[in-house]
Amino acid sequence: MESQAKSSEVQVRLAWAVEAVREAGRITLDYFRRSDLTVERKQDDSPVTVADRGAEAFLREQIAERFPEDAVVGEEFKEQDHDGTSGFRWILDPIDGTKSFVHGVPLYSNLIGLQYDRKSVAGVIRIPALDEMVYAADGQGAWYVRGVADPVRAQVSATPELEKALFLTSEIEGFSQKGHFDVLNRLADATRVSRTWGDGYGYLLVATGRADLMVDPAMEVWDAAALLPILREAGGTFTDWTGEETVESGNGFATNGVLFEQVLPLLR
């Protein structure tokens, strides 16, 4: 009964997140490609804008109103992060791919992850400028929506060999900064095509079978939390570079499942 109750609560929260992320996306689109957009720099020199902050503020306000006993973690307002009493924890990335956003590239995403007892149980990736979304909850499958069409099951590819695979990553310099440029070269050499259609969009492509693997050498928990349940429910994998299914190791990679054992040795 307890697990059924938890599953029901996850479904309620996921249904809310699917609608809330649409509004968060609309907030970001109000600023997308505006010539007067001010770009600030955070302490780590990464960019942030009023769009990032506005979207996260909206989501935090809505969670506080709808699920006041839930914990919240977000990228832009860490001072407002708080523990809850329900066992649920929301993990928010209002714009994953701010660098794409500020350059007018439509591949940025809004990410909402949901954990229960610190285990990822649901997630949403939305690409507002392309009007695409994929979402999932444990045991409920992964679902893809474009525009106003009905959701269809999201399913990873069946590509069996790396030499036939499309490999994605978010940015090349991340490998150099982490001392892993050799890993990037090995992956590029081993695959048919390599591209930087990255951040949340790249993981959406893996979950919907349009790409076969994505590897990132540096990830924060808000970059990863939404991805794990989506890739898992779409039939693929999301782990850290050691192969552990976690969102808090500081790196990550996704595959169609078939390629997991072929990719893992290239990361070590």
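The following exercises, each with a worked solution, concern a predicted model of one protein chain.

Local features require pLDDT of at least 70 and side-chain atom pairs pLDDT 80 or more, while totals for chains, interfaces and linings use all residues. Residues are numbered from 1 along each chain as its sequence is written, and side-chain values use heavy atoms, with hydrogens and water left out.

**Exercise 1. Overall fold**

Determine how many helices and strands the protein chain has, and whether its radius of gyration is close to or far from the value of the globule rule.

Step 1. The protein chain has nine helices and 14 strands; helices (H or I, at least four residues) and strands (E, at least two) are DSSP runs, numbered from the N terminus.

Step 2. The radius of gyration is 18 Å, close to the 18 Å given by the globule rule for 268 residues, so the chain is as compact as a globular protein of that length. The radius is taken over C-alpha atoms, and the rule is 2.2 Å times the number of residues to the power 0.38.

Step 3. The C-alpha trace spans about 50 × 50 × 35 Å along its principal axes.

Step 4. Of the 268 residues, 55% count as buried (buried: under 20% relative accessible area; exposed: over 50%; partly exposed: in between; 1.4 Å probe, protein chains only).

Step 5. Among contacts (heavy atoms within 4.5 Å) with a separation of 6 or more, 59% join residues 24 or more positions apart.

**Exercise 2. The largest pocket**

Identify the volume of the largest pocket and the elements that give two or more residues to its lining.

Step 1. On a 1 Å grid over the protein atoms alone, a pocket is an open set of points with protein on both sides within 12 Å along at least five of seven lines, whereas a cavity is a set where a 1.4 Å probe fits but cannot get out; lining residues have an atom within 4 Å of a point. Grid points are joined across faces, edges and corners, and a volume is the space filled by probe spheres set on the points.

Step 2. The largest pocket holds about 1100 Å³ of space. Its lining has 35 residues, of which Ser46, Lys99, Glu171, Asp199 and Ala218 are the closest to the centre.

Step 3. The elements giving two or more lining residues are β4 (88-96), α3 (98-102), α4 (173-177), α6 (199-207) and α7 (221-224).

Step 4. By class, the lining comprises eight nonpolar, 10 polar and 17 charged residues (nonpolar: Ala, Val, Leu, Ile, Met, Phe, Trp, Tyr, Cys and Pro; charged: Asp, Glu, Lys and Arg; polar: the others, Gly among them).

**Exercise 3. The largest cavity**

State the volume of the largest cavity and the classes of its lining residues.

Step 1. The structure holds one cavity of 30 Å³ or more, and the largest cavity has a volume of about 40 Å³.

Step 2. Its lining includes Arg13, Trp90 and Ile112; α1 (2-29), β5 and β6 each supply at least two lining residues.

Step 3. The lining divides into seven nonpolar, two polar and one charged residue.

**Exercise 4. Glu132**

Decide whether Glu132 is buried or exposed, and find the side chain with which its own side chain makes a polar contact.

Step 1. Glu132 lies in strand β7 (residues 132-137).

Step 2. With a relative accessible area of 6%, Glu132 is buried.

Step 3. The side chain of Glu132 makes a polar contact with the side chain of Arg210 (2.8 Å). Such a contact is a pair of N or O atoms within 3.5 Å; within protein, one must be able to donate a hydrogen and the other to accept it, and residues adjacent in sequence count only if both atoms are side-chain atoms.
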